[in-house]
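Reader: Could you walk me through the contacts and packing here, with the cut-offs spelled out as we go?

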Amino acid sequence: LRTLDALRAGEAVAHDVTGARGVARGLSIPLRTPGEAADAFWRVAADMDFTLFEHFAADEAGHAQDFLAAGEALATFDAFARAVLARRPADTRVLVTSDHGNVEDLRTRNHTRAPVPLLAFPPLPGNSRPGTVAEVGQLLLGEARLNAP
């Protein structure tokens, strides 16, 4: 939820990671590699207790039933996620999840009821296995309370 000025200053990440979609629409924003976007992500996250990055290009491709756009969005996000993880400070947790299924079944334009993965780096403590996005939120709140001064 940052501004275009923050994006230009390297203090935000474009929703499509690279900024290509904004540039294609005439916005004056920088094009970044997924690695450069990961650097910008960590510049912002370094001073935060919680940082959320919302990537919805794959969701849009799923609704459009666009196989090529889905592949491109997923490949870009994969490269970005790998770069974020490669730069992750040891005391920082990174979670990757989705709020619903969609792009895994391009036969439908709708959200699916398919289970979505929750990737956690480092792994979640004990047998923590949230089943919904709400439970992920509860897990985060629980960890925040455990780590409070």
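Reader: What does H55 touch, not counting residues up to four places away in sequence?
Author: H55 touches H15, D16, V17, A73 and F77, where contact means heavy atoms within 4.5 Å. This is a predicted model, in which local features need pLDDT of at least 70 and side-chain atom pairs count only at pLDDT 80 or more, while totals for chains, interfaces and linings use all residues. Residues are numbered from 1 along each chain as its sequence is written, and side-chain values use heavy atoms, with hydrogens and water left out.

Reader: And where is H55 found?
Author: H55 is in the loop between α3 and α4; helices here are DSSP runs of H or I with at least four residues, strands are runs of E with at least two, and both are numbered from the N terminus.

Reader: Which backbone oxygen lies 3.1 Å from a polar atom of the H55 side chain?
Author: That oxygen belongs to H15, and the pair is a polar contact, which is defined as N or O atoms within 3.5 Å; within protein, one must be able to donate a hydrogen and the other to accept it, and residues adjacent in sequence count only if both atoms are side-chain atoms.

Reader: Switching to R32, which loop does R32 lie in?
Author: R32 lies in the loop between α2 (20-24) and α3. The side chain of R32 has a polar atom 2.9 Å from the backbone oxygen of L7, and, leaving aside neighbours within four places in sequence, R32 is in contact with L7, R8, A9, G10, A12, V17, T18 and A37.

Reader: What about D5, which residue does D5 pair with?
Author: D5 forms a salt bridge with R8, with the closest N and O atoms 2.9 Å apart. The two are three residues apart in helix α1 (residues 4-8), about one helical turn; D5 counts as exposed at 56% relative accessibility, whereas R8 counts as partly exposed at 39%.

Reader: OK, aromatics now: how many aromatic pairs does a search of the whole structure find?
Author: It finds four, where rings of Phe, Tyr and Trp (its six-membered ring) pair if their centres lie within 6.5 Å, with planes under 30 degrees apart counted as stacked, over 60 as edge-to-face and the rest as tilted. Among them, F41 and F80 are edge-to-face, 6.2 Å centre to centre with 85° between the planes. F41 lies in helix α3 (residues 34-45) and F80 in helix α5 (residues 67-86), so the pair ties together parts that are 39 residues apart in sequence.

Reader: Are F41 and F80 buried or exposed?
Author: F41 is buried at 12% relative accessibility, and F80 is buried at 3%. F80 also pairs with F53, whose ring centre is 5.0 Å from that of F80, and the planes are at 55°, so this pair is tilted. F41, W42, F53, F77 and F80 form one aromatic cluster.

Reader: And α3 itself, how many of its twelve residues are buried?
Author: Nine are buried, so α3 is largely enclosed by the rest of the structure. Those buried residues include F41 and W42, and what covers the buried residues of α3 includes α5 and β1 (94-96).

Methods
Buried < 20%, exposed > 50% of the residue type's maximum accessible area, 1.4 Å probe, protein only. Salt bridge = Lys/Arg side-chain N within 4 Å of Asp/Glu carboxyl O.
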